[in-house]
Amino acid sequence: MRAVIVLGLTALLLVGCSAGVSATPSPTPAPTLGPTEAHFSTPEATPMPTDTPSPAPFSLTSTAFRAGAGIPSRYTCDGRDVSPPLTWTGVPAGTKALLLTVTDPDARGFVHWVAWDLPPDGAGLAEGASGAMPAGAVEGRNGFGRTGWGGPCPPAGTHRYVFTLTALSAPLALPRGSRLEAVQRQAVRVTIEETQLAGTYRR
């Protein structure tokens with residue numbers, strides 16, 4: 001009788017253990033991607049081109065002489081004394097008029113030429129332009145007491161002559177024959193940018 005009870009209890013224990021063990025779940029298979037999904041990738045941002053040309057610098061040159069070189073006697077008191085040809089590029093945006101001055105820093109800023117309200121859409125001045133300036137342009141009095149160009153005429157030695165071109169945001173509208181000091185007082189209030197060209201002359 002005892003053996004029967006033991007066998008019954010053993011059977012019950014075996015059934016309970018079997019019921020308490022959970023089956024290991026089968027791994028869930030990964031979803032299969034379609035042809036388009038399998039090769040999809042987020043494109044990287046394409047950089048914008050950076051080769052936009054920069055605006056040309058504001059500059060003043062002459063076909064008669066190089067920067068820092070000698071000015072031919074043709075443009076001086078020893079020659080025909082005509083104004084030299086000038087070319088400018090890169091006029092700043094917003095420029096309404098141009099101011100041109102020529103001074104000798106070795107002679108206390110002696111004035112050789114002052115002209116204002118030059119048209120900003122022009123490209124320069126031809127040789128001998130003084131006295132026959134573009135429409136709207138006005139010339140002032142030079143250090144010799146004349147209106148217009150007065151070429152280099154140093155007493156002795158080598159002097160420098162500085163051509164300064166100034167971009168203005170408004171015309172000056174000064175009367176013909178005005179002196180450089182009056183022109184500069186008004187120009188300083190509307191100056192945008194300036195550029196220079198220097199030459200030399202020796203006697």
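# Reading a predicted fold

Mentor: Let's begin with the surface: the accessible area of the protein comes to about 12,700 Å², and 59% of that belongs to carbon and sulfur atoms. Such areas come from the Shrake-Rupley method with a 1.4 Å probe, and for residues only the protein chains shown count as cover. This is a predicted model, in which local features need pLDDT of at least 70, side-chain atom pairs count only at pLDDT 80 or more, and totals for chains, interfaces and linings use all residues. Residues are numbered from 1 along each chain as its sequence is written, and side-chain values use heavy atoms, with hydrogens and water left out.

Trainee: What pLDDT does the protein average?

Mentor: pLDDT is the predictor's confidence in each residue, from 0 to 100. The average here is 84, and 73% of the residues score at least 70. Where pLDDT is low, the predicted coordinates should not be read in detail.

Trainee: Thanks! How many helices and strands are there in the protein?

Mentor: Helices (H or I, at least four residues) and strands (E, at least two) are DSSP runs, numbered from the N terminus. The protein has 3 helices and 8 strands, running α-α-β-β-β-β-β-β-β-α-β from the N terminus on.

Trainee: In what order do the 5 strands of the open sheet stand?

Mentor: Strands of a sheet pair through backbone hydrogen bonds, either parallel or antiparallel. Two strands count as paired if DSSP finds at least two bridges between them. The 5 strands have the order 6-4-3-7-8, with antiparallel pairing. Strand 6 (138-139) and strand 8 (191-202) are at the edges with a single partner strand each, so one side of each has no neighbour in the sheet. Strand 7 (residues 158-168) is joined to strand 8 by 11 bridges; Phe163, for example, has Leu197 in strand 8 as its bridge partner.

There is also an open sheet of 3 strands, in the order 1-2-5 and antiparallel. Its edge strands are strand 1 (59-61) and strand 5 (124-125). Strand 1 pairs with strand 2 (residues 86-89) over 3 bridges.

Trainee: Which cysteines does a disulfide join?

Mentor: A disulfide is a covalent bond between the sulfur atoms of two cysteines; the search takes sulfur pairs within 2.5 Å. It finds 1 in the whole structure, joining Cys77 to Cys153 with an S to S distance of 2.2 Å. The link is right-handed, with 85° about the S-S bond. Cys77 is in the loop between strand 1 and strand 2, and Cys153 in the loop between strand 6 and strand 7, so the pair ties together parts 76 residues apart in sequence.
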